[in-house]
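User: I would like to go through this model by question and answer. Please keep to what can be computed from the atoms.

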Amino acid sequence: METAAIIPAFNEAESLPNVISEIRGLFPDHLIIVVDDGSTDGTSDIAKEFGCVCLSMPFNLGIGGALRLGFRYCMDRGIDCAYQFDADGQHDPTQISSLLSELEHSDMAVGSRFATDCSYEVGQSRKAAMNFLRFLVRIYTGQRFTDTSSGFRAFRKPVIKLFAKEYPVEYMDSVEALLIASKNGFKISEIPVKMRERSAGQPSNRNFRLIYYFLRLLIVLLASTHKKKKD
Amino acid sequence: MSSSTHILIAVLALGALFLIVRLVRLKALKAKYSILWLTVGTALAVISAVPQILDWTAEKLDIWYQPTLFLLLAIGFLLLLAMHFSYELSRIENRIRILVEEISLLKEKLEKDD
């Protein structure tokens with residue numbers, strides 16, 4: 001069974017070497033795919049230097065676009081199992097195995113920062129936004145998720161196939177991805193994971209843009225009709 | 001509308017028609033869009049030449065102030081056009097995205113073969 005790590009990276013040359021070597025150290029047989037989202041700091045050179053598969057996009061498409069390309073590559077190559085991993089070093093590679101073992105009884109596994117009383121701190125406005133999203137996703141999918149925006153996820157082949165074509169490309173892609181997977185009848189499960197502080201780079205969320213993205217997401221929710229889940 | 005206004009509109013309409021034809025000939029405007037604008041330009045020219053058309057239609061529709069009809073039609077048309085452009089833009093955005101994916105995959109393949 002071939003497993004791949006999809007690492008979307010936008011100007012993460014500083015933290016990427018560490019992330020790659022940590023994954024390599026723990027899982028030498030995993031294929032590491034770095035999707036360079038139009039970086040200007042030589043992120044793709046680092047990926048090539050480390051002998052990773054490097055998909056470099058000619059300009060920045062955002063994390064959703066980068067992920068979709070990663071899924072597409074996995075699909076073309078017939079990868080059985082893939083997980084998404086942040087290039088900024090906030091994900092803990094020791095948690096990968098528990099995420100992957102979760103795939104034995106579900107199609108998609110989400111690593112949640114909040115499933116247990118872990119120490120991940122977020123600001124007030126982000127907290128409110130996350131609560132609202134959680135509520136929406138719960139109404140829509142009928143399933144309770146504690147962390148809808150987690151970027152630490154693993155997928156089985158059928159989900160990879162779906163996401164290669166339909167992964168949402170706008171910001172807040174992670175929430176929309178949950179909805180799409182659920183709509184297509186895939187079983188999603190959530191497990192608690194530990195996260196670290198960001199080791200380098202800037203957080204990609206800006207509060208003043210949140211309202212716009214919220215509205216967009218609401219429209220997406222309203223526009224898509226809820227389908228009954230397959231058993 | 002006074003006759004001088006009609007002359008102004010006629011001149012503008014003819015100017016617009018001339019510009020459209022020129023742009024199409026320079027291949028700066030796609031023929032499919034030019035049809036649209038040519039139609040609008042012609043309609044404007046006709047209305048300015050024979051303003052009775054507008055008066056007559058307004059009367060039939062019980063519109064008391066004729067220019068209202070003209071503005072209503074203009075706004076309606078522009079709204080539809082803007083919607084059409086948003087649609088085209090969405091489609092083009094999607095296509096560019098797919099092209100970017102293809103290019104990146106091909107680039108990776110090329111570099112691997114080297």
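User: What percentage of the 231 residues in chain A is buried?

Analyst: This is a predicted model, in which local features need pLDDT of at least 70, side-chain atom pairs count only at pLDDT 80 or more, and totals for chains, interfaces and linings use all residues. Residues are numbered from 1 along each chain as its sequence is written, chains are lettered from A in the order in which they are written, and side-chain values use heavy atoms, without hydrogens and water. Buried means under 20% relative accessible area (1.4 Å probe, protein chains only). By that cut-off, the buried share of chain A is 54%.

User: Which residues of helix H1 (residues 16–26) of chain A are buried, and where do they lie around the axis?

Analyst: Helices are DSSP runs of H or I with at least four residues, and strands are E runs of at least two, numbered from the N terminus. The buried residues in H1 are A:Leu16, A:Val19, A:Ile20 and A:Ile23. Directions from the helix axis to the C-beta atoms define the arc. Seen down the axis of H1(A), the buried residues fall within 95 degrees, so they line one face of the helix.

User: At what angle do helix H3 (residues 62–77) of chain A and helix H4 (residues 66–113) of chain B pack?

Analyst: Axes are lines fitted to C-alpha atoms over the stretch in contact (heavy atoms within 4.5 Å), and angles run from 0 to 180 degrees between N-to-C directions. The axes of H3(A) and H4(B) are 10 Å apart. Their angle is about 55 degrees.

User: Which residues of H3(A) make the contact?

Analyst: On the H4(B) side, the residues include B:Arg97, B:Ile98 and B:Glu101. From H3(A) come A:Gly65, A:Arg68, A:Leu69, A:Arg72, A:Tyr73 and A:Asp76.

Conventions: Buried < 20%, exposed > 50% of the residue type's maximum accessible area, 1.4 Å probe, protein only.
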